[in-house]
Amino acid sequence: MASSLKNISRTAGVALVMAICATSARAELFAHPGALHTQADLQRMKEKVGENAQPWLDSWNILLKNPHASLNWKPRPFAVVYRGKDGENPENYSALFNDAAAAYALALRWKISGDDAYADNAVAILDAWSATLTGIGGSSDKFLASGIYGYQLANAAEIMRTYKKWPESSFNRFKTMMLDVFYPMNHDFLVRHNGAKIDHYWANWDLANMDSMIAIGILADRPDIYREAVEYFKHGQGNGAIDHLVWKIYPDGLGQTQESGRDQGHNTLNVSLLGAFCQMAWNQHDDLFGYEDNRVLKGIEYIAKYNLGFDVPYTRYTNSDVTQENISAAGRGDPRPAWELFYNHYAVLKKLDAPYTSQFAAKLRPEGGGGNYGPNSGGFDQLGYGTLTYTLR
């Protein structure tokens, strides 16, 4: 009898462990598509465009006129992408940022129009790169490429994973490229910072690699990579972690950001990269928008207010490389298409007070995408089309 009870107890214990593990596994499952856009988001876009509803239609029409969303777009993959002069190899990274913008625009056009020709062109771009790319080189700027273009490619693929005509073998090859080429660079940068002091690199460098890391985690169903990115946002040592990015909170609720004394072009780049990060986490049921009493909102309201022409408080910023006594007016008012995401999350969805974010979103509405803001890399640092993709009502 005692032996039987022991066996029953052992069996029950094993069953309990298995149940706990099963529950844990379910908790680790990712929603797909679930990076910047969920299926509900994509369905909303399709319905609103079909109804000729504004402001979605205006942003959609910008996408239609953008050559990156055309069936004529052809990929130009390289085995090694170079960003930054290394004294040996010519820079060729424009091919990657143009193709990433095209893959994303074509993916949206397919989802909204229902025309498989655009899906075919999107996966042709993704397939061309996954069959060719083996590395990213150049100067330290290579880590900007691994971050920005990593998260953009991953987001295009996250949409296209729902396309039944994209062979599983091709999708798996794409995921392998993201895991073998981009993620190791993202991880290495956030751990070693290219061998520099921890506060040397500006916040946008961290944010770019955090964006790529979280997007790859979602795309490849890798909760370990996803958690690594979220943990860095909360407790990282570099300038992209939220307490270092929005480092000074004022009594009026504004939060001074790390690149405010540098220039506003890079300060607003932080808006686009931070928004992408928080949105991807949100779509996996992690509310980083609200983390630490909406610390993100305090930072973007600070940036929006100053870039709309208003005065903001400023405290001298010092790190191991620079001392900045005053806020920088360089690039003030930079029209970066990054505000609809935050406006719709904070003001529309959560009904929080975000007056300056709301004003900036209205000023730039409708937002375009890569190719609508000049031919250089800065115009492709964000995927854009936020009026189409993030407007809730």
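**Spaces and salt bridges in a predicted model**

Me: What volume does the second largest cavity have?
Reply: Happy to start there, keeping in mind that this model is predicted. Rolling a probe the size of a water molecule over the atoms shows where empty space is left. For the second largest cavity, that volume is about 40 Å³.

Me: Which elements give two or more residues to the lining of the second largest cavity?
Reply: The residues lining the second largest cavity include L245, N270, L274, G299 and I303. By class, this lining has six nonpolar, three polar and no charged residues. The elements that supply two or more of its residues are α11 and α12.

Me: How much space lies in the largest cavity?
Reply: Counting cavities of 30 Å³ or more gives two. The largest one is lined by 14 residues, and P337, L341, Q382, G384 and Y390 lie nearest its centre. The space in the largest cavity is about 140 Å³.

Me: How many charged residues does the lining of the largest cavity have?
Reply: Let's go through this lining, to which α11 and α15 (386-390) each supply at least two residues. Nine of the lining residues are nonpolar and four are polar. The number of charged residues is one.

Me: Which helix gives the most to the lining of the largest pocket?
Reply: The largest pocket has a volume of about 260 Å³. Its lining has 20 residues, with H266, L269, R336, G378 and D381 nearest the centre; by class, seven are nonpolar, seven polar and six charged. At least two residues each come from α6 (142-160), α8 (203-219) and α11 (264-282). With three residues, the helix that gives the most is α11.

Me: How many residues apart in sequence are the parts that D116 and K165 tie together?
Reply: Side chains of opposite charge can pair when their charged atoms come close. D116 and K165 form a salt bridge, with their closest N and O atoms 3.1 Å apart. D116 lies in helix α5 (residues 116-130) and K165 in the loop between α6 and α7 (168-192), so the distance along the sequence between the parts they tie together is 49 residues.

Me: Which helix holds both D188 and R192?
Reply: These two form a salt bridge, their closest N and O atoms being 2.7 Å apart. D188 has a relative accessible area of 22% and is partly exposed, and R192 is also partly exposed, at 42%. They sit four residues apart, about one turn of the helix, and that helix is α7.

Me: Is R295 buried or exposed?
Reply: R295 forms a salt bridge with D243, the closest N and O atoms being 3.4 Å apart. This pair links distant parts of the chain, 52 residues apart, with D243 in helix α10 (residues 242-245) and R295 in helix α12 (residues 291-307). D243 is partly exposed, at 32%. Buried means under 20% relative accessible area, and R295 has 14%, so R295 is buried.

Methods. Residues are numbered from 1 along each chain as its sequence is written. This is a predicted model: local features need pLDDT of at least 70, side-chain atom pairs count only at pLDDT 80 or more; totals for chains, interfaces and linings use all residues. Side-chain values use heavy atoms; hydrogens and water are left out. On a 1 Å grid over the protein atoms alone, a cavity is a set of points where a 1.4 Å probe fits but cannot get out, and a pocket is an open set with protein on both sides within 12 Å along at least five of seven lines; lining residues have an atom within 4 Å of a point. Grid points are joined across faces, edges and corners, and a volume is the space filled by probe spheres set on the points. Ala, Val, Leu, Ile, Met, Phe, Trp, Tyr, Cys and Pro count as nonpolar, Asp, Glu, Lys and Arg as charged, and the others, Gly among them, as polar. A salt bridge is a side-chain nitrogen of Lys or Arg within 4 Å of a carboxyl oxygen of Asp or Glu. Buried means under 20% relative accessible area, exposed over 50%, partly exposed in between (1.4 Å probe, protein chains only).
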